[in-house]
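Here is a short briefing on one protein model. Keep the sequence and the 3D view open as you read.

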Amino acid sequence: MKYISTRGDAQRRSFSEILLEGLAPDGGLYLPEQYPKVDDATMNRWRTLSYADLAFEILSLYIDDIPADDLRALVRKTYTHEVFGTEAIVPLKPLEPGLALEALSNGPTLAFKDMAMQLLGNLFEYELARRGETLNILGATSGDTGSAAEYAMRGKQGVRVFMLSPHGRMSPFQQAQMFSLQDENIHNIAIEGVFDDCQDIVKAVSNDLPYKRAHRIGTVNSINWARLLAQVVYYFAGYFQATQGNAERVSFAVPSGNFGNICAGHVARMMGLPIERLILATNENDVLDEFFRTGTYRVRKGHETHETSSPSMDISKASNFERFVFDLMGRDGQRVRHLFGEQVEQAGVFSLTPEEFGRIAGFGFVSGKSTHADRLRTIRDTWERYGVMIDTHTADGLKVARECALAGTTTLVLETALPVKFADTIREALGREPERPAALQGIEDLPKRFSVMPADPQGVKAYISAHVSA
Ligand SMILES: *Cc1c(COP(=O)(O)O)cnc(C)c1O
């Protein structure tokens with residue numbers, strides 16, 4: 001399998017060439033040249049596999065430059081009962097006939113980003129060892145992504161993580177999750193500023209190309225193809241748990257921000273998984289809901305981006321969205337280059353033609369949005385009706401699932417985080433404390449390891465230099 005760019009660059013690359021990369025050189029995103037189709041016999045065979053072996057089967061359709069035995073060992077090391085809490089890895093939690101949650105948030109940081117990031121950690125370690133190289137990951141976080149990256153990379157050979165976060169602005173629980181890590185290759189840097197200051201520092205360091213090269217700086221952002229590929233697996237795993245045979249169709253409701261999670265659902269559907277609807281749910285930051293209703297994609301400005309109680313969906317633009325548009329345009333790289341490289345970059349907006357907009361239905365997408373009041377109502381309602389406590393992001397997904405689901409088809413709502421991460425809103429909705437997994441009792445009291453620094457790229461560069469040469 002070779003990989004191409006959504007903006008039409010003619011060069012084809014292999015999996016291990018794009019594994020450690022971000023954007024393609026022409027500014028586009030990488031996608032496989034085609035989606036392998038899965039036939040009925042294969043589906044029957046996959047139905048009974050363990051999660052790790054299913055992951056191996058799916059990954060090996062897309063990865064042909066890692067020997068099969070090595071790849072199998074990597075996924076078996078990743079998707080274990082020990083790390084994800086159950087044999088099923090992504091068990092279903094039935095709510096009522098035809099409606100269930102698919103639990104994706106039982107990994108070390110209690111959010112679905114672990115599903116992909118844990119694999120990425122093992123893939124990075126393997127590929128760096130094979131090349132005899134090292135990598136220094138620099139990132140900025142306001143919560144979920146940073147901790148998922150740290151828990152995936154902790155203790156890995158050849159990788160160091162430098163994670164910037166706004167000093168004193170994360171929840172005590174999130175701080176404790178990250179700062180209690182004592183691994184030598186994990187560096188928490190608390191910046192005296194807000195999240196945007198952290199992001200600006202990452203940009204400033206990355207734009208200094210000689211420094212970036214000399215210090216082997218990389219990222220683990222959501223546009224990484226391997227992350228997306230890892231997420232394809234749980235669409236199949238959810239489908240197999242929800243159905244008896246391959247003739248049944250299932251819908252998925254997905255709390256969405258950067259369009260990574262639901263894009264994996266799109267890939268699964270293109271491979272032939274019988275998905276009826278891909279139900280996209282946004283919070284008040286409704287860039288994507290607007291697109292799927294109107295055909296206009298309009299990037300929001302900073303002051304138009306709302307801070308909500310489902311913060312991991314607070315986005316102004318959706319960084320993986322270009323991948324879907326490439327497929328929607330019949331894989332016309334020139335058209336995508338025009339829409340994203342010119343219109344979005346210059347004016348921050350594009351509109352599809354009516355003919356292009358008409359194609360969306362054929363890809364199964366529908367959308368809706370959910371507000372803070374909706375979240376409170378949905379969390380309360382789910383607790384009262386089923387005795388199940390859900391987090392704020394999952395609540396957005398469930399609210400929109402109820403509006404968009406098709407009678408007669410099972411709908412799986414992807415549970416993207418556990419309620420304990422968003423205790424304030426749970427208290428507001430239910431007047432009680434969220435449930436906390438036993439392993440995380442008292443985590444706020446553990447010793448913390450972090451450095452506080454002013455919002456200045458020079459200081460961060462000096463810190464990295466000192467720790468990289470050591
Ligand atoms: C990242 C995240 C999302 C959004 O997923 P995307 O892949 O960015 O669409 C939703 N919920 C939670 C809890 C997340 O951490």
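## Core

Leaving aside neighbours within four places in sequence, Tyr-235 is in contact with Phe-252, Val-254, Asn-261, Ile-262, Ala-264, Gly-265, Ala-268, Leu-273, Ile-275, Leu-278 and Leu-414. Contact means heavy atoms within 4.5 Å. This is a predicted model: local features need pLDDT of at least 70, side-chain atom pairs count only at pLDDT 80 or more, and totals for chains, interfaces and linings use all residues. Residues are numbered from 1 along each chain as its sequence is written, and side-chain values use heavy atoms, with hydrogens and water left out.

- The largest nonpolar core has 112 residues. A nonpolar core is a set of buried Ala, Val, Leu, Ile, Met, Phe, Trp, Tyr and Cys residues joined through side-chain atoms within 4.5 Å. Buried means under 20% relative accessible area, exposed over 50%, and partly exposed in between (1.4 Å probe, protein chains only).
- Tyr-79, Tyr-235, Phe-236, Phe-259 and Phe-321 touch the most other members of this core.
- Helix α11 (residues 225-242) gives the most to this core, with 13 residues. Helices (H or I, at least four residues) and strands (E, at least two) are DSSP runs, numbered from the N terminus.
- A second, separate core has 20 residues, including Leu-95, Ala-253, Met-389 and Leu-398.

- Which residues of α14 are buried? They are Phe-321, Glu-322, Arg-323, Phe-324, Val-325, Phe-326, Asp-327 and Leu-328.
- With eight of its eight residues buried, helix α14 (residues 321-328) is therefore largely enclosed by the rest of the structure.
- Gly-330 follows α14 and has a positive phi, near 65°.
- Gly-333 lies in helix α15 (residues 333-347). Its relative accessibility is 9%, so Gly-333 counts as buried.
- Beyond its neighbours within four places in sequence, Gly-333 is in contact with Thr-6, Arg-7, Gly-8 and Phe-326.
- Gly-333 and Arg-76 are 257 residues apart in sequence, and their C-alpha atoms are 37 Å apart in space.

- In strand β4 (residues 99-103), five of the five residues are buried, and the strand is mostly covered.
- Leu-99, Leu-101 and Ala-103 point one way from β4, while Ala-100 and Glu-102 point the other way. In a regular strand, side chains alternate between the two faces of the sheet.
- Strand β3 (residues 92-96) runs antiparallel to β4, and four bridges join them. Two strands pair if DSSP finds at least two bridges between them.
- Leu-92 stands opposite Glu-102 in β4.
- A hairpin is formed by β3 and β4, with two residues between them. Gly-98 in the turn has a positive phi of about 85°.
- β4 also pairs with strand β14 (residues 410-415), in the parallel sense, over five bridges. Leu-101 has Val-413 as its bridge partner in β14, and Ala-100 stands opposite Leu-412.
- Strand β9 (residues 250-255) pairs with β14 in the parallel sense over four bridges. Here Leu-412 is the bridge partner of Phe-252.
- β14 is mostly covered, with five of its six residues buried.

## The five-strand sheet

- An open sheet of five strands has the order β8-β5-β6-β7-β15, with parallel pairing.
- β8 (217-218) and β15 (451-454) stand at the edges with a single partner strand each, so one side of each is left without a neighbour in the sheet.
- Strands β6 (residues 159-166) and β7 (residues 186-192) run parallel and are joined by six bridges. Leu-164 has Ile-189 as its bridge partner in β7.

- How many cavities of 30 Å³ or more does the structure hold? It holds one. On a 1 Å grid over the protein atoms alone, a cavity is a set of points where a 1.4 Å probe fits but cannot get out, and a pocket is an open set with protein on both sides within 12 Å along at least five of seven lines; lining residues have an atom within 4 Å of a point.
- The largest cavity holds about 40 Å³ of space. Grid points are joined across faces, edges and corners, and a volume is the space filled by probe spheres set on the points.
- Among the residues that line the largest cavity are Tyr-30, Trp-225 and Arg-323.
- The second largest pocket holds about 320 Å³ of space. Its lining has 15 residues, of which Gly-107, Pro-108, Tyr-151, Ala-439 and Leu-440 lie nearest its centre.
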